[in-house]
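The report below goes through one protein model, starting with confidence and then turning to selected strands and helices. Please read it alongside the sequence and the coordinates.

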Amino acid sequence: MRMPMPVKVPSAETIRRYGVSGPRYTSYPTALSFSPDVGEPELRQAIGASNDQLVPPNLTLYAHIPFCRSLCYYCGCHKKVTRNRAVVQRYLTALHRDICARAAQIDDDRIVDQLHWGGGTPTYLNAGQRASLMDCIGQAFRLSTESTRDFSIEIDPRTLPASEVQGLADIGFNRISIGVQDFLPAVQAAVNREHSPQLVDELMTAARDANFASIGLDLIYGLPHQNVESFCATLDTVVALQPDTLSVFNYAHLPERFPAQRLLRADDMPDAQLRIAIFRETVSRLSAAGYEFIGMDHFALTDSPLAQARRDGKLHRNFQGYSVGAGNDTLGFGASAISQVGGSYFQSETELPAYFDRVMAAAGPIMRGYVATAEDRRVAHAIQDIMCHASFDKRAWGARFRECADTFFAAELQGLQALASDGLVVCGADRIDVTPKGLVFLRVVAQCFDRHSVRNDRRCSQII
């Protein structure tokens, strides 16, 4: 069992030096390597190989619900803002068909012990639609009934009355994630997402009454009108609510990619120096309040399932972030959803018309992907260890892959020396350990192993 490692708040200078953009490593290789040359045939082949394993892995299912009632100006997700229920029903019809077609390719003895609905806004669906979709999944797959299962749903507090939380439990969910972002009215107005702390409190109370195993809240810093004092006020409110987990994301302003972000005034947003100050205070306050730094932008109470998984070496990282349990195959359903089977990746059509057409024509929704090589699997294992356990055990890796880690990663280990000199990692004979000072730079460490980066320029998104 690993003991929790206290994170050390890095200096502003260290953050300026290493807090630049880079992959989040929810996959390796990252989505930048996905190719339209990989599609439905490759996914079916990967599923067949997985079915044929002596002990096939359990399954994680992801369902993407892209619909929103209104536009949050910061959002970079695949979404569609609509009140046209006919479009929603058409999507659900295709989604049900997508699920059933894929399930027919899976051996029926494989158990689903993780399930996640994301968006968009999953709670855009009404109670009847949610129940129907879960019934479809339950008919198509063998869902775990164990208390250790992880069935989660993302909630926009503006779209779900507290009276409907019990209904989520009744259809099988036992974890929820509530999108808060910020409680300051000026920030909420600027990003077009207004709700009160009372609304969130009511949802959390209802979830506890319904015996949900975990309640998480999502925050974002770097939004218009935020400063250290205002964000600390939000943190104080959040800590008083005592969620089991917290995700504190740094807003990435990319208006050239996400047109809605052009509605935000750049002059209203905190500059780099202010973001650093907000981040440092966030780490300090949450640590003092009893939250363990899990990695990246995730915090968890020390007695929460996520923190326990971290200590037990069972933490996993995938496209939904950090989760409990490792080794599952992931099947994604809906527009833009990503599947991961046997270390390879497959993404569905991102545009609704194309998704409708391919699913209803029984062609399969996959538009692009990546088939992992033996080298990719070796690198992915090392990156997963760093991102989830803040360490890389060279001996264990060598025993697993029957290679010498020092030889295979000779160039990468040399590249770590600069991080070691700055006190972010300790490079030993048998292992590499990220220090308390280096915990907030996990993906900087991981990127030293990334063989798909054209240059080590951390191009994808901001770390801090």
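## Confidence and conventions

The chain averages a pLDDT of 92, pLDDT being the predictor's confidence in each residue on a scale from 0 to 100, and 96% of the residues score at least 70. Over residues 454–464 pLDDT stays under 50, and for this stretch the model has 44 contacts beyond four places in sequence, where contact means heavy atoms within 4.5 Å.

This is a predicted model, in which local features need pLDDT of at least 70 and side-chain atom pairs count only at pLDDT 80 or more, while totals for chains, interfaces and linings use all residues. Residues are numbered from 1 along each chain as its sequence is written, and side-chain values use heavy atoms, with hydrogens and water left out.

## The enclosed strand β16

Helices (H or I, at least four residues) and strands (E, at least two) are DSSP runs numbered from the N terminus. Strand β16 (residues 344–348) is largely enclosed by the rest of the structure, because 5 of its 5 residues are buried, that is, under 20% relative accessible area with a 1.4 Å probe and protein chains only, as against exposed at over 50% and partly exposed in between. Ser344, Phe346 and Ser348 lie on one side and Tyr345 and Gln347 on the other, and both faces are covered.

Two strands pair if DSSP finds at least two bridges between them. Strand β15 (residues 338–341) pairs with β16 in the antiparallel sense over 4 bridges, with serine 339 bridged to phenylalanine 346; the two strands form a hairpin with 2 residues between them, and glycine 342 in the turn has a positive phi of about 60°. Strand β17 (residues 366–370) also runs antiparallel to β16, joined to it by 4 bridges, and here glutamine 347 has arginine 368 as its bridge partner.

## Helix α10 and strand β9

In helix α10 (residues 305–312), Leu306, Ala307, Ala309, Arg310 and Arg311 are buried. The elements covering these buried residues include β9, β10 (291–295), β11 (298–301) and α12 (374–389). Just after α10, glycine 313 takes a positive phi of about 75°.

Strand β9 (residues 245–250) contains serine 247, which counts as buried because its relative accessibility is 9%. Beyond residues up to four places away in sequence, serine 247 touches Leu217, Asp218, Leu219, Asp297 and His298.
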